[in-house]
Amino acid sequence: FARYAPYIREINRLKREKNAVILAHNYMTPEIYHGVADVVGDSLQLAIEATKVEAETIVQCGVHFMAETSKILNPSKRVLIPDMAAGCSLAESITAEGIAEMRAKYPGAPVVSYVNTTAEVKAASDICCTSSNAAQIVAAMESDTVIMTPDQYLAQNVARDVPQKKVVWWAGSCIVHEQYTPADINDFRALHPGVEIIAHPECPPNVVEACDFSGSTSGIIKYVAEHKPKQAMLVTECSMASNIADALPEVEFMGPCNMCPYMKKITLEKILWSLHTGREEVIVDLAVAEKARVAVERMIDLSK
Ligand code: 13P
Ligand code: SF4
C-alpha cells in the first residue's frame, strides 16, 4: 500500500480543495476502496447516496452507467468519471430501440431495466432495478408479464424467485459473470468440501443454483461478514475478496475470480488527473435525464 500513499494523500487533499466526493463501487481496487472513497457500495447504495451528496462535484469510481445515474439524480452537480472508456457489456447490449422492440413484442408489459443501462434506455423504461432489489421490483409490477432488460441471467434468476410472474428478457450478459459454469462450482466444492460458495445473480441460473447464496455485491459482503465461513469462494469480480479480506481474517478467500476490464480502467492516477483537470465530465441530455430520473426514483421509492 505504501507505494500508493503519495497518490492517496494528494487525492484526499484535492477532494477537500475542490469540494468533491468520491463514490466508489465495491469492484474498485483496495487502494481506491480503502484509500480515497468517501462512500462505497453496490449500485443501489451508490444511487441512493448520490441523492444525498452536498459537495459540488462527484467523482464516480465505477463504470459509466453509474456516473450517469449520479448525474441523472443530481443534474446541477458536476459528475466526473476518471475514464470515459469504463463501460459495461450489459449497458452496451441494448439501446432505446431494443426497448421499443420488446414493448412491441409484449404489449402492455412493464419494462424493468437493470441500472446497468444507458440514460436513454432508462428513459425508455418504466422502472429500474439493481441486483439487490430486482425480485422485489418485478413482484411489485401489476402486470402478469414483466419485461426485464438487458441481463438474461439476472432475469432468469428473478423468474425462478418470483414464480407468480411471467418474466421475459433481453439477451444481454455480463462478460465477467457469464464465464462461470456449474462444473467450476461443483469441481471446486469437491476439492474443498467445507467451502461456502457465493455468487452474484448476473451468473447463469445453473451456477447460482450450485452455490450456497447469491446477492448483490453488498449482499455478498454482508453475507460473508455475518456468516464468517472458514473458507469462501466469491463467484464474482476479483476485487471483492481483496477489499474485505483484511477485515475478516478468520475467513480464507479461495478459488478463481474474474476481473472486470471496465472497472479496472479506474486507477488512482486517473482519479488524480480527474480532480486536477475536471475531466471527464458526464453530461446527460436534460430531457433524457428527466425521464430516466422517473425510472430510477421509482426504483429507489419501491426499495425503501
Ligand atoms: P451490484 O449492484 O451488485 O453492485 O452490481 C453491479 C455490477 O456491475 C455487478 O457486475
Ligand atoms: Fe458490467 Fe459485468 Fe463489469 Fe459489472 S462486472 S460493470 S455488469 S461488465
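Modeller: Helices (H or I, at least four residues) and strands (E, at least two) are DSSP runs, numbered from the N terminus. This is a predicted model, in which local features need pLDDT of at least 70 and side-chain atom pairs count only at pLDDT 80 or more, while totals for chains, interfaces and linings use all residues. Residues are numbered from 1 along each chain as its sequence is written, and chains are lettered from A and ligands numbered from 1 in the order in which they are written.

Biologist: What mean pLDDT does the chain have?

Modeller: The mean is 98, and 100% of the residues reach 70 or more; pLDDT is the predictor's confidence in each residue, from 0 to 100. For the complex, the predictor gives an ipTM of 0.98 and a pTM of 0.98.

Biologist: And how many helices and strands are there?

Modeller: The chain has 14 helices and 12 strands. Its radius of gyration is 19 Å, close to the 19 Å of the globule rule for 304 residues, so the chain is as compact as a globular protein of that length. The radius is taken over C-alpha atoms, and the rule is 2.2 Å times the number of residues to the power 0.38.

Biologist: What share of the residues is buried?

Modeller: Of the 304 residues, 49% count as buried. A residue is buried if 20 or more other C-beta atoms lie within 10 Å of its own, exposed if 12 or fewer, and partly exposed in between, with C-beta atoms placed from the backbone.

Biologist: Turning to α3, which of its residues are buried?

Modeller: In α3 (residues 43-50), they are Ser43, Leu44, Leu46, Ala47 and Ala50. They cover an arc of only 165° around the axis, which puts them on the same side of α3; the arc is that of the directions from the helix axis to the C-beta atoms.

Biologist: What do they pack against?

Modeller: The partners are the strands β1 (20-25), β2 (39-41) and β3 (57-61), together with the helices α4 (64-73) and α14 (286-303). Contact here requires that the C-beta atoms of two residues, placed from the backbone, lie within 7 Å.

Biologist: Glu56 next: buried or exposed?

Modeller: Glu56 counts as exposed because it has 12 C-beta neighbours inside 10 Å. It lies in the loop between α3 and β3. Leaving aside neighbours within four places in sequence, Glu56 is in contact with Asn19, Lys77 and Arg78.

Biologist: What is the phi of Asn19?

Modeller: Asn19 has a positive phi of about 55°, although it is not a glycine. It sits in the loop between α1 (5-17) and β1.

Biologist: Now the ligands. What surrounds ligand 1?

Modeller: Its shell includes Asn26, Asp42, Ser43, Cys174, His200 and Glu202. A residue is near a molecule if its C-beta atom, placed from the backbone, lies within 6 Å of it. The shell divides into one nonpolar, eight polar and two charged residues. Ala, Val, Leu, Ile, Met, Phe, Trp, Tyr, Cys and Pro count as nonpolar, Asp, Glu, Lys and Arg as charged, and the others, Gly among them, as polar.

Biologist: And how many residues surround ligand 2?

Modeller: There are 13, the closest being Cys88, Ser89, Cys174, Val176 and Cys260. That shell comprises nine nonpolar, two polar and two charged residues.
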